[in-house]
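Please look over the charged side chains in this model with me.

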Amino acid sequence: MFDRSDAENQFSGHGARVIELPKELRGRPVVIEAWGWIGSLGFRVVGVTEPRGRYTEKFAGESGIGRERAHILLEPGQCESVRIMRGWKMRGRWKIRFLDAMSVGPLPQSVQGGASRFFQCPAPGTRLAVEFGDAGGRLGIYNEKGRCIRVLAGRSHRFDDVVVVPDVSGVLSVEGPELKWGPMTAWSLRIENSTALR
């Protein structure tokens, strides 16, 4: 079974599937929001290209655990389709939604999670309190080409820090230290002030 909501570029299903990137998002950086069902250990998302008729696949990321939503970034032109590969303990439906990476939602005053996420970058000069669990993580800024242009904080072990948002444009990422896009140890972000640089 397979459903699609054209208005939201959202898809869901039970088994493995190949899904084309929406035409309006081709040539743009794309965030895939991926989540499963309660008790699910997640699924993999693989980028698919067919240059000159030759089918190739490249791992893109994993969904969050259970209903935790993970964000997976695709650079412009990275792939034409994605393949959903169910995990061996995957129960229920998988769900994905395609988003324009430069149009993700704003960073709330306080947020926490257990998977990679993207937010609109707060105003330059904003101070963020950052906390990552046992395996650490990284806080970065990505540009309209889907490339990391600045790392604000990052370690491969538990840490907390306060960072100041620089005067650059892009989107803010919370990502894992090794498997960048997918489940990770607990993290939290809190806006300490929102005073822009003068």
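1. Start with E57. Its relative accessible area is 38%, so E57 is partly exposed. Keep in mind that this is a predicted model.

2. What does the side chain of E57 meet in a salt bridge? The partner is R83, with an N to O distance of 2.5 Å. E57 sits in strand β6 (residues 56–62) and R83 in strand β8 (residues 81–86), so the bridge ties together parts that are 26 residues apart in sequence. R83 is partly exposed too, at 22% relative accessibility. The cut-off for buried is under 20%, so a residue at 22% does not count as buried.

3. Now turn to R127 and E192. Their side chains form a salt bridge, 3.4 Å from N to O. R127 belongs to strand β12 (residues 127–132), while E192 belongs to strand β17 (residues 183–193), so this pair ties together parts that are 65 residues apart in sequence. R127 is partly exposed, with a relative accessible area of 36%. E192 is partly exposed as well, at 38% relative accessibility.

4. Which other residue forms a salt bridge with E192? It is R190, and the closest N and O atoms are 3.2 Å apart. R190 has 42% relative accessibility, which makes R190 partly exposed.

5. Salt bridges can also link up. E33, R69 and R97 are joined in a network of them. Please find these three residues in the view.

6. Last, the total. How many salt bridges does the count give? It comes to 12. Among them are E57 with R83, R127 with E192, and R190 with E192.

Key
Residues numbered from 1 in each chain as written. Predicted model: local features only at pLDDT ≥ 70, side-chain atom pairs only at ≥ 80, totals over all residues. Heavy atoms only, no water. Salt bridge = Lys/Arg side-chain N within 4 Å of Asp/Glu carboxyl O. Helix = DSSP H or I, 4+ residues; strand = E, 2+ residues; numbered from the N terminus. Buried < 20%, exposed > 50% of the residue type's maximum accessible area, 1.4 Å probe, protein only.
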